[in-house]
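Subject: Structure for you to look at

Hello,

I am handing over a structure for you to look through. Please open it first, and then read the notes that follow.

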Amino acid sequence: QAQLVESGGDLVQPGGSLRLSCAGSGFSLDYYTIGWFRQAPGKEREGVSCINMNYGVTYVADSVKDRFTISRDTAKNTAYLQMNNLKPEDTAVYYCAAAVAVSSVQAMCNVGDPAYRWGQGTRVTVSS
């Protein structure tokens, strides 16, 4: 069964780092754009960062720029979100999503279309 599998969420202290992984299982991510989204309790889902798996073009939201980096390993069929200097406000469930036909990586992050292929989510808690 084709699905996205996220991993890497954890409880971390403020200032710490985590790397989230989004692996394609049962299908190739080569021609997809992968996006990381997060949803905190009581808040709307927010697009964090997106990457075109074929060309490596990336977009990072202003709210996490300089702290978060998105990357890909096509050999491992996986996209990553490296999160540094984590803050309590980064606490959320992080989801990855895959889409084929998007106009740009920024557009994917801005829309968060339910029609994307979504993973099950991984929880990140930043707390001392």
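A residue counts as buried when its relative accessible area is under 20%, as exposed when that area is over 50%, and as partly exposed in between. By that cut-off Arg38 is buried, because its relative accessible area is 8%. Please keep in mind throughout that this is a predicted model.

Salt bridges

A search of the whole structure turns up four salt bridges. Three of them are described here, starting with the one made by Arg38.

The side chain of Arg38 meets that of Glu46 in a salt bridge, with 2.9 Å from N to O.

Arg67 forms a salt bridge with Asp90, and their closest N and O atoms are 2.7 Å apart. Which parts of the chain does this pair tie together? Arg67 lies in the loop between strand 6 (58-60) and strand 7 (68-73), while Asp90 lies in the loop between strand 8 (78-83) and strand 9, so the bridge ties together parts that are 23 residues apart in sequence. Arg67 is buried, with a relative accessible area of 9%. Asp90 also counts as buried, at 0% relative accessibility.

The residues named so far belong together: Arg38, Glu46, Arg67 and Asp90 are linked in a network of salt bridges.

Another salt bridge joins Lys65 to Asp62, where the closest N and O atoms are 3.2 Å apart. Are these two residues buried or exposed? Lys65 counts as partly exposed, at 41% relative accessibility. Asp62 is exposed, because its relative accessible area is 64% and the cut-off for exposed is over 50%.

Disulfides

A disulfide is a covalent bond between the sulfur atoms of two cysteines. How many disulfides are there in this model? The count comes to two.

One of them is formed by Cys22 and Cys96, with their sulfur atoms 2.1 Å apart. The link of Cys22 and Cys96 is right-handed, with 70° about the S-S bond. Cys22 is in strand 3 (residues 18-25) and Cys96 is in strand 9 (residues 92-99), so this pair ties together parts that are 74 residues apart in sequence. Cys22 is buried, with a relative accessible area of 0%, and Cys96 is buried with a relative accessible area of 0%.

A disulfide also joins Cys50 to Cys109, where the distance from S to S is 2.1 Å. The link of Cys50 and Cys109 is right-handed, with 115° about the S-S bond. Here a strand is tied to a helix: Cys50 lies in strand 5 (residues 46-52) and Cys109 in helix 1 (residues 105-111), so the pair ties together parts that are 59 residues apart in sequence. Both Cys50 and Cys109 are buried.

If you count the bonded cysteines along the chain, the disulfides follow the pattern 1-3, 2-4.

Strands of a sheet pair through backbone hydrogen bonds, either parallel or antiparallel. In this model there is an open sheet of four strands in the order 1-3-8-7, and the pairing is antiparallel. Which strands stand at the edges? Strand 1 (3-7) and strand 7 do, each with a single partner strand, so one side of each is left without a neighbour in the sheet. On average, neighbouring strands of this sheet are turned by 15° against each other, with direction ignored.

Strand 1 and strand 3 run antiparallel and are joined by five bridges. Within this part of the sheet, Leu4 stands opposite Gly24 in strand 3.

Ala61

One residue in a loop is also worth a look. Ala61 lies in the loop between strand 6 and strand 7, and counts as buried at 7% relative accessibility. Leaving aside residues up to four places away in sequence, Ala61 touches Gly47 and Val48. The C-alpha atoms of Ala61 and Gln106 are separated by 8.5 Å, although these residues are 45 residues apart along the chain.

Regards

How values were computed: Residues are numbered from 1 along each chain as its sequence is written. This is a predicted model: local features need pLDDT of at least 70, side-chain atom pairs count only at pLDDT 80 or more; totals for chains, interfaces and linings use all residues. Side-chain values use heavy atoms; hydrogens and water are left out. A disulfide is a pair of cysteine sulfur atoms within 2.5 Å. Helices (H or I, at least four residues) and strands (E, at least two) are DSSP runs, numbered from the N terminus. Buried means under 20% relative accessible area, exposed over 50%, partly exposed in between (1.4 Å probe, protein chains only). Contact means heavy atoms within 4.5 Å. Two strands pair if DSSP finds at least two bridges between them. Axes are lines fitted to C-alpha atoms, for helices over the stretch in contact, and angles run from 0 to 180 degrees between N-to-C directions.
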